[in-house]
Amino acid sequence: DIINLEKSNVYHGLYHVLGGRISPINGVGPDDLRISSLEKRVSDGVIREVIVALGSDVEGDATGYYLAKVLAEKNIKVTRLAHGLPVGSSLEYADELTLGRAIQGRQAIND
């Protein structure tokens with residue numbers, strides 16, 4: 001996934017790979033991921049924002065919310081990649097959840 005982000009040539013910051021997502025059903029908790037090492041990286045106050053780049057499924061959402069809670073205590077802004085329609089796709093092929101997230105994440109055209 002990092003390679004795809006690099007190819008976009010839009011992001012020029014640091015990366016931290018968690019190594020998975022929180023998934024209680026599969027027995028994966030926060031201690032099974034590299035969350036404590038992320039907390040150590042941001043503890044020096046240099047990093048002001050963490051962008052969560054996980055899928056838009058239940059595990060991705062749970063992991064994002066967990067990170068937001070943990071990092072808020074360290075005064076770190078936590079954002080996540082936008083969800084919605086892929087470039088070049090048609091509305092007729094989008095499901096209700098994807099359309100809903102696309103509407104929620106809409107942006108002004110004149111930005």
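Reader: What makes up the lining of the second largest pocket by class?

Author: The lining has 6 nonpolar, 5 polar and 3 charged residues, where Ala, Val, Leu, Ile, Met, Phe, Trp, Tyr, Cys and Pro count as nonpolar, Asp, Glu, Lys and Arg as charged, and the others, Gly among them, as polar. This is a predicted model, in which local features need pLDDT of at least 70, side-chain atom pairs count only at pLDDT 80 or more, and totals for chains, interfaces and linings use all residues. Residues are numbered from 1 along each chain as its sequence is written, and side-chain values use heavy atoms, leaving out hydrogens and water.

Reader: How do you know which residues line the second largest pocket?

Author: A pocket is an open set of points on a 1 Å grid over the protein atoms alone, where a 1.4 Å probe fits, with protein on both sides within 12 Å along at least five of seven lines; lining residues have an atom within 4 Å of a point. Here 14 residues line the pocket, and D61, Y65, R80, L81 and H83 lie nearest its centre. Helix 3 (58-72), strand 2 (77-80) and helix 4 (96-104) each give two or more, with helix 3 giving the most, 4 residues. Helices (H or I, at least four residues) and strands (E, at least two) are DSSP runs, numbered from the N terminus.

Reader: And what lines the largest pocket?

Author: It has 25 lining residues, with Y15, H16, I51, V52 and A53 nearest the centre; 17 are nonpolar, 4 polar and 4 charged.

Reader: Why is L14 called exposed?

Author: Exposed means over 50% relative accessible area (1.4 Å probe, protein chains only). L14 has 59%, so L14 is exposed.

Methods. Buried means under 20% relative accessible area, exposed over 50%, partly exposed in between (1.4 Å probe, protein chains only).
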